[in-house]
Amino acid sequence: MNKHQAGVDTSRRGFLGAAAAVTTVTLAPGVILHRLAVAEPQSKPGSEAVTDEVRWGMLIDSAKCAEGCDACVTACNRENGLDLQEQPEGEDTGKWDRQVAKWIRIVKVKDNLTGHVSRLPMMCQHCEHPPCVDVCPTGASFKRADGIVMVDRHTCIGCRYCMMACPYKARSFIHEAVDTRLTRVPRGKGCVESCNLCVHRRDKGTASTACADACEAQAILFGDLKDPAGPLRKALATLPSRQIREDLALNTGVRYAGV
């Protein structure tokens, strides 16, 4: 998906995929900074086993994603220690920007018919059928029972097959030695990583993500895809949404509206 790196994708149809039908999905409760009083999705504390009773996911409304805003990116970087990465002395700035780990990127998609440009926060899509898991030779890339796609850094050998397989360019490789890291988000040279839906929050029973909390425009809703009574599912009853590259039939856990 080299188009994601091009700033504005001139082929909106190719970016979104071949499926013509607008997709509505069963997403669920989101927790955001300014929200209506609704029931929150329930995460299990870390002492309890992860089950398939839930499937965590997101709805992102691109129509609410304001030009110039990167609050979700900043919050993700802070929450997951990505802001602690240090550019090596003498490293070319352009090269560093291309290589530094990023869990969320803001990409733009242009509709050639109308000229409308959509801004999409792009992260791991937490596919039901993740290509990264299929190609991983060691099992380091895996999907939890609750739908979160992750990387086990203890078994990752840095082959980067998962990066090549991901149609969303959502994974990053750690090129440089890491001197400072957060305990909750271990990080080391030679491993691959990507958005894990703030899994440390899930395992402590906290029902939110850093990016959703930071979005004052309420463009990001996080919750349980399996909850039939959640506010996200109710919203999607009137708000059409779709997958990115829905032609690949990956059944992504992240859906987009307003595209």
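I looked up the largest nonpolar core, where a core is a set of buried Ala, Val, Leu, Ile, Met, Phe, Trp, Tyr and Cys residues joined through side-chain atoms within 4.5 Å, and found that it has 48 residues, with M58, M123, Y168 and Y256 making the most contacts inside it. Among the elements that give it two or more residues are β2 (56–61), α2 (71–79) and β9 (220–224); helices (H or I, at least four residues) and strands (E, at least two) are DSSP runs, numbered from the N terminus. Another core, of five residues, lies apart from it and includes L59, L232, L236 and A257.

I noted that this is a predicted model, in which local features need pLDDT of at least 70, side-chain atom pairs count only at pLDDT 80 or more, and totals for chains, interfaces and linings use all residues. Residues are numbered from 1 along each chain as its sequence is written, and side-chain values use heavy atoms, with hydrogens and water left out.

I then searched the whole structure for aromatic pairs (ring centres of Phe, Tyr and Trp, its six-membered ring, within 6.5 Å; stacked if the planes are under 30 degrees apart, edge-to-face over 60, tilted for the rest), and one turned up. W56 and F222 are stacked, at 5.2 Å centre to centre with 15° between the planes. Because W56 lies in strand β2 and F222 in strand β9, the pair ties together parts that are 166 residues apart in sequence. Both W56 and F222 are buried, meaning under 20% relative accessible area, against over 50% for exposed and in between for partly exposed (1.4 Å probe, protein chains only).

Last, I checked for charges over rings (NZ of Lys or CZ of Arg within 6 Å of the ring centre and within 35 degrees of the ring normal). The charged end of R202 sits over the ring of W56, 5.5 Å from its centre, while that of R160 sits over the ring of F173, 3.9 Å from its centre.
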